[in-house]
Amino acid sequence: MRLRTGVARIVMWRGLASRKSLGHAGLALLVAGLGVLATSILLSRLDFGTEALKLCLQIAVAVAVGALFLAALSIRRISRDRQQIAESELRFRRAMEDSAIGIVVVGLDGRIRQTNPAFAAMLGYTSEEIEALTFFQITHPDDLQIGRETMDDLKAGTVNSFHFEKRYLRKDGTPVWAHLAGSVIRDENSGRPLYLVSQIENIDARKQAEARIAEAETRWNFALAGAGQGVWDLDMRKGGTTYSSTWVKMLGYADGELDGDTDRWLTMIHPDDGEIVAEADRAHLEGKTPFFEAEFRMRHKDGHWMWILDRGKAIERDEDGRLIRAIGSLTDITRRKEAEERLTVSAAMLADEKERLRVTLQSIGDAVICTDAANRITFMNPVAEKLTGIAGGEALGKMLGHVYWAVDEETGHRIGVTRPAVGVQAPADQNSRAVLIRRDDTRCSIRQVVSPIINERNEFCGLVIVFQDFTDARALQRQLAHAAAHDALTGLANRSSFIRAMEGLVGQARKDGTADTTKSTVDTTKSVGGTGHQFMFIDLDHFKLVNDTGGHAAGDALLKRVAEAVRGVLGPDDIVARLGGDEFAVILKSGSAAGAKIAARSIIDAIRSLDFTWDGRPHVIGASIGLAAIRANCGEVDEIIARADAACYAAKAAGRGCVCVAPDGESMADREEPPESLAAAS
C-alpha cells in the first residue's frame with residue numbers, strides 16, 4: 001500500500017493517540033468490574049452475608065456499565081477520527097494534485113516515495129517514472145553535496161526544516177533551477193525521522209534572467225573601466241551619491257571614501273571652473289540641454305589638478321519636476337588638455353618659423369618633398385628635382401606616387417607612405433634600405449625619413465619626405481659587410497662568420513632536441529633519426545711543399561683552386577669556410593653521417609685531382625678530413641671543432657688522404673671510428 005503523506009499522516013497519528021487514551025480507560029474499568037465480580041463470587045463462597053454480596057454485585061454492574069460507556073465513546077471517537085483522517089488525507093491529496101508547485105515525499109534513503117504532477121511535469125517525467133528514481137539521480141552533479149548535507153543534518157536531528165536552491169536534471173538532461181522548502185516528519189513517540197516533505201518551486205526563468213542581468217552589468221562595467229570611465233550615481237531617496245571604483249581611483253581615493261555627501265564633489269572643483277559647472281548643471285535641470293556636460297579641473301587627493309570631462313543625465317524626477325536620480329560618468333582628459341595647450345603655443349611659433357623653414361629647405365643639401373593631406377605634392381626643393389628627374393613646377397599638384405616611388409632594396413616591395421591615424425602622435429618613419437625608381441626606370445639608393453605634419457588642431461595636414469642619395473655609401477657598406485664575413489683570398493666564409501653560423505645551428509639543434517639520446521653513440525655511421533648536421537674539418541696534405549718551392553703566390557693560387565673544388569663538390573645549402581692557412585671547414589646541412597663520408601671522399605678526390613702547375617712544375621696535394629656530428633647533445637661549438645680536428649689528425653696519422661669520424665663525446669665508451677682511406681673506399 002502506498003505511504004500516506006504529509007498532513008494526513010500527522011492527523012492520523014494524533015487520532016490514534018486519542019483513541020489509545022480512551023481505550024486504556026475503558027480497559028481499566030472493565031478490569032476493575034471483573035475484579036469486583038470475582039470478589040463478590042469469592043465473598044459468596046466465604047459466606048460474608050447477603051448485604052456484602054449485593055454491594056459487590058452493584059459495584060461490578062456499575063463498573064461494567066462504565067466500561068461499556070467508555071467503550072462506546074471510544075468507538076464513536078475512532079469513527080470520527082477515521083472520518084477526519086480520510087477528509088484530511090483527501091484534502092492533502094487534492095492539494096498535492098492541484099498545486100502549481102512541486103511537492104515530493106522523499107525517504108531517508110533518498111528514494112522518491114510520492115510526487116505530484118507539477119514536479120513530474122517540471123522535469124519532463126510521469127509520476128510513475130520519477131517515483132522509481134532517487135533524488136540523487138535527478139540532481140545536478142554540482143549540487144549533490146548540499147542535498148547530502150541536508151539529509152545528514154535531518155537524520156542527526158540538528159535541523160527540522162530546510163530551504164535552499166539547487167539544480168535538477170530534466171529527463172532530456174538539461175538543468176533546471178528550483179527552490180526547495182520542506183521539513184522532516186518524525187515518529188511522535190521516538191522522534192525518529194521517517195521521511196521528508198518538500199515543496200519545490202521552478203525558479204529557472206528567474207535564474208536565467210539574473211544571469212543575463214549580471215552578464216550585461218559585467219560587460220557594462222568592463223567597458224567603462226576599460227575606457228577609463230568613472231561612474232557616479234546620485235539617488236536622493238538613498239540620501240547620497242555613490243561612485244565607481246574607477247572614479248575614486250582616478251582622484252586618488254579608496255573605494256567608498258567619497259560616498260555619501262552629494263555636494264562633496266563640488267568642493268573639489270577648481271575655483272575658476274565652478275561657474276562653468278554650475279551653469280551646465282542649471283541648464284540640464286531646467287531642461288535646456290538633454291545632457292549635463294562640462295570640462296573642468298578637479299583636485300586630486302595628493303593636491304594636483306586634473307582636467308575632467310563630466311557627462312550626466314537626470315533619469316528620474318518627482319511630480320514637481322525635482323531631481324530624484326541622476327547617473328553620469330567622468331573621464332580624465334588631462335593629457336588632451338595639456339596637448340591642446342602645447343599645440344596652441346606651437347601654433348604661434350610655427351607661424352614665425354614657416355618662412356624661415358621654406359628658405360632653409362630650399363638651401364639644404366638633402367632632397368625634400370612636401371605633400372598635403374590628400375597626398376598631393378606642394379613643395380620640392382632643387383635637390384629633390386635632381387634626384388627624381390622631375391622639375392618642381394611639373395610636380396606641384398600631382399599625386400606623390402607619380403613623382404616619388406620608393407621600394408625596399410631586399411624585397412622589391414613598395415615602401416608605403418601613409419598618413420597616421422587621427423589623433424595619433426606618429427613618429428618619423430626612417431628607412432635606410434630604400435631605392436628610388438625614376439620615371440625612366442633608373443634606380444638610386446636613398447635613405448629617407450617620412451614625417452607627418454600635424455596642425456594646432458591635431459589634424460593631419462600632409463607629409464614631409466627627406467631623402468639623400470645613398471648609392472655610394474650603400475655600395476661601400478655592402479663591400480665592408482662582405483669583407484667582414486668572407487675570406488679575402490678565396491671568397492669563402494671567414495672564420496668569424498663561419499663560427500657564428502655554426503653557433504646558430506648548434507643552438508637550433510639543441511632547441512629542437514634533434515639528438516636521439518636512446519641510440520648508441522658508438523654507431524656514427526648513421527644519422528640519428530635522419531636529422532642534425534655534419535661538421536667537416538679539412539687539412540691539406542703536402543701544402544707546405546708548394547709554399548716552400550713556389551712561394552706564397554703559388555700557395556695563394558692553389559688555395560683558390562682548392563676553394564673552388566670544395567665548393568663545386570657540395571650543394572648550394574652547405575656552408576664552406578677557410579679557417580686559416582690550409583685549413584677549411586664545411587657544414588653539411590644533410591644529417592646523414594654516411595652521406596657526409598661520401599661527400600668527404602668526393603672532396604678528397606677533387607683536391608687530389610687538381611691539375612696545378614706553377615712555374616712549369618706540377619704539384620699534387622691531398623687532404624685529410626675529420627667528421628663530427630652537430631646534434632643536440634654534441635656540446636658547444638669549440639668542442640665539436642676540437643673533436644673534428646682530432647679526427648683529422650687521426651686521419652693524417654693513418655696515412656693521409658683519409659676520412660675519420662669523431663665520436664659524439666657522450667660517454668667514455670665512445671671510440672673513434674677507424675679512418676677510411678681512398679683505397680679502402682674503392
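Let's start inside a sheet: Ala181 has Gln199 in strand 5 as its bridge partner. The model is predicted, so local features need pLDDT of at least 70 and side-chain atom pairs count only at pLDDT 80 or more, while totals for chains, interfaces and linings use all residues. Residue numbers run from 1 along each chain as its sequence is written, and side-chain values use heavy atoms, with hydrogens and water left out.

**The five-stranded sheet**

- Strand 4 (residues 175-186) and strand 5 (residues 193-202) run antiparallel and are joined by nine bridges; two strands count as paired if DSSP finds at least two bridges between them.
- These strands belong to an open sheet of five strands, in the order 2-1-5-4-3, with antiparallel pairing.
- Strand 2 (112-115) and strand 3 (161-169) are at the edges with a single partner strand each, so one side of each has no neighbour in the sheet.
- From one strand to the next, the twist averages 30°.
- Helix 5 (residues 144-156) lies across strand 1 (102-107), strand 3, strand 4 and strand 5, and runs at about 150° to strand 3.
- For such angles, axes are lines fitted to C-alpha atoms, for helices over the stretch in contact, and the values run from 0 to 180 degrees between N-to-C directions.

**The chain as a whole**

- The protein chain has 19 helices and 24 strands; these are DSSP runs numbered from the N terminus, with helices being H or I of at least four residues and strands E of at least two.
- Of its 682 residues, 39% count as buried, where buried means under 20% relative accessible area, exposed over 50% and partly exposed in between (1.4 Å probe, protein chains only).
- Among contacts with a separation of 6 or more, 54% are between residues 24 or more positions apart; a contact means heavy atoms within 4.5 Å.
- The accessible surface comes to about 37,800 Å², and 55% of that belongs to carbon and sulfur atoms; the areas come from the Shrake-Rupley method with a 1.4 Å probe, and for residues only the protein chains shown count as cover.

- Ser245 lies in helix 7 (residues 245-250) and is partly exposed, at a relative accessible area of 32%.
- Ser245 and Gly256 are 11 residues apart along the chain, with 8.2 Å between their C-alpha atoms.
- Gly401 lies in helix 13 (residues 400-403) and is partly exposed, with a relative accessible area of 32%.
- Gly401 is 16 residues from Val417 in sequence and 9.3 Å from Val417 in space, C-alpha to C-alpha.
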